[in-house]
Structures are given as C-alpha cells and as structure tokens.
Amino acid sequence: RFHHTSTSHCCSCSKTVSDEKYQDPFQLGRKDLKNLYEDIKKELLVSAAELKEMCDYYFDGKGKAFRPMIVVLMARACNIHHNNSKEVQASQRSVAIIAEMIHTASLVHDDVIDDANSRRGKRTLNQIWGERKAVLAGDFILSAASVALARIGNTTIISVLTQVIEDLVRGEFLQLGSKENENERFAHYLEKTFKKTASLIANSCKAVSILGCPDPKVHEIAYQYGKNVGIAFQLIDDVLDFTSCADHLGKPTAADLKLGLATGPVLFACRQFPEMNAMIMRRFSKPGDVERARKYVLQSDGVQQTTYLAQRYCHAATREIRKLRPSPEREALVHLTEMVLMRDK
C-alpha cells in the first residue's frame, strides 16, 4: 500500500500557495520559545555538579528546538480555532518544554544502546562520561520531565504524554527485532518509526489541543498532523543517512546499517536486489555487508521511494491542519511540512 512504482514524483511538494502566505515557523514560534533552554535547566535543578554538567551539555541552546516549535505553533493554531485567542497558555508551553526533555532523554539512552560517539556535531555523553553515568543522566532528565508533567495537574494530559514514554520503549524493542516476511517487515519499520519518533510529536500536539480546545475533532486533527509530520521527518532522516556527508549531518553516515538496521531506503532497495534479504536477516553483520548494502541502495530507487513516501505523509499532515480556521500559525505548520522534506541535516 505504501509502494509506488513511479519515481517521477519524488521531488519536493510543489507550492500551491504564494510565498507571501507562508510564515517562517521558526520566526513565528520564537516568542513562545524564548528562554526555553533556561527554563529546562530550571526543571533540572540539581546539586551534583557532574550531573548538572551532563544535563547542561545537551541543553546548550544550540538545538533547533524543532519539537517545541511545532508544539507552540499547534497550541496557537488550536487556540485561534477555538476562540480566537492568540496567546499560548502556560500549561501549553510546559508541554513544549516536557516534549524537548523527553526527546533529549531518549537521545541520551539511544546513544548508549547504539554506542554512538557523536550527536549534533559533538561527542556523546556516553563517550565523555561513560555508559553508566549517561544512562543515569537520561533517567534524571526523564524524571524531571515527569515532575513538570505532574505540575500541569491534568490527568488527561498526563495520560497522553506518558503514552510517549511507553512508545519510546516499545519502539526500541521493535528495533531490536526483525521480520522475515517482506510485507511484515515494512509494517514493522513504520510501526517502529511511529513509536520512536512520531508518537512524541503526535501526542504533544494532541496535549496542547486538549488544553486549548474542548472539541475532540480538533484533538484528532492535532494528533494526525503530528503523527504524519513525525513519520515523514524520520523517513527523511533515513534518506539522509545515505545521501548526506557526516560533517553536514553531525553524526556518522550509514550509521543505521552499521547498527544492523534496515530502514526505508534498504527495504525499498531489497525489492530490486533480493540478495539483500539475507543481509537484512543477519543484520549486515558479515564483513563487507554494510558497504555492499549501501551500494545497492544507491543503485536502486530506494532513496526516491522513501522520499516519495515522506511526501505522502506530509500531504496527509497538510490535509489535516487545513481543517482548522486560517491563521498565520496554521500556515506555518503547512510550511513546516515542506521544510521537513527539504531539510539536508
């Protein structure tokens, strides 16, 4: 159902609205994200100097704050849709902070699991402080996020956002397994992608919509937008693992193959090069497997097919968000789907 034989559609979405209507999401969200990292550090108040140093290392204010930005834009779009309120509530901004904390904790843990040595262009916590301390730092960030979540004082929001933590763990377990059947394999990959990446964006968007608007239809719009953008974001990430250089990406390329993971480009390439099946099942563990698999992917239309699939998810996200009343924030969220497709790191 996700396969498309033509590759002629794999360029970026054509713009259907004049550029004047488009709002830069980062400019529009900047006001609400001011002092975001300082506020996160306040949540991480800790007496142990080393633990503080580890937390400050990732929350250095140099990240793009992609997830918090989507969350505050969604909050504004839903508030405007409901009662034309142009302000972000304090509880909605808290969701943006919590989302970034959960995301960062998951990166710290992922780097330990993957034995990664670089992230965002610098050394990982586990490389500097060791695996044990990195695991504890990730746990600490997660616990601080949970305290901030409890402070919102809304049981529905707590339920929605704790689902994210469950999904992250389940997604990691899915990543440790693999399927022999080709069709099952792709469904497994998309489920893992949802749980590890998209659930956080989907449920954070849903949480701010619940805080800003009582209409369940709006909650579903917010959730579906976040889910589709999140899956597209990861699909493009998986493409960049084959097409971008390591310096530009801020982490090593072909990293997924080295970890034994078959992502979208590999699964699509496998349809043209069935000999990759054996490599997938042994998780590219034999000498030369990683290089051969990378070569097969680049010879196939795997990159184009994955990009095309990402487009389809972005189109679905755009269809959802357009159901809300027009606002600069709504247009910025539309524009964001194009930025996801066009990003190069």
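The structure is a predicted model.

I begin with helix α13, residues 264-272, which is mostly covered, as seven of its nine residues are buried. Those buried residues are Gly264, Pro265, Val266, Leu267, Phe268, Ala269 and Cys270. What do they pack against? Their partners are α9 (182-212), α10 (216-243), α12 (255-258), α14 (276-281), α15 (289-299) and α16 (302-321).

Is Asn79 buried or exposed? Its relative accessibility is 2%, so Asn79 counts as buried. Beyond its neighbours within four places in sequence, Asn79 has contacts with Asn84, Ser85, Glu87, Val88, Gln89, Gln92 and Gly212.

Ala65 is not a glycine, yet its phi is positive, at about 55°. Ala65 sits in the loop between α3 (49-58) and α4, and it is buried, with a relative accessible area of 9%. Phe284, likewise not a glycine, has a positive phi of about 55°. The place of Phe284 is the loop between α14 and α15, and at 5% relative accessibility Phe284 is counted as buried.

Finally, the surface. Which residues make the nonpolar surface patch of about 340 Å²? They are Val169, Phe173 and Leu176. Of these, Val169 belongs to helix α8, residues 155-176. Val169 has a relative accessible area of 46% and is therefore partly exposed, since that class lies between the 20% limit for buried and the 50% limit for exposed.

Notes: Residues numbered from 1 in each chain as written. Predicted model: local features only at pLDDT ≥ 70, side-chain atom pairs only at ≥ 80, totals over all residues. Heavy atoms only, no water. Buried < 20%, exposed > 50% of the residue type's maximum accessible area, 1.4 Å probe, protein only. Contact = heavy atoms within 4.5 Å. Patch = residues over 30% accessible without salt bridge, like charges linked within 9 Å, V, L, I, M, F, W, Y side chains within 5 Å. Areas by Shrake-Rupley, 256 points an atom, 1.4 Å probe, with all protein chains shown as cover. Salt bridge = Lys/Arg side-chain N within 4 Å of Asp/Glu carboxyl O. Helix = DSSP H or I, 4+ residues; strand = E, 2+ residues; numbered from the N terminus.
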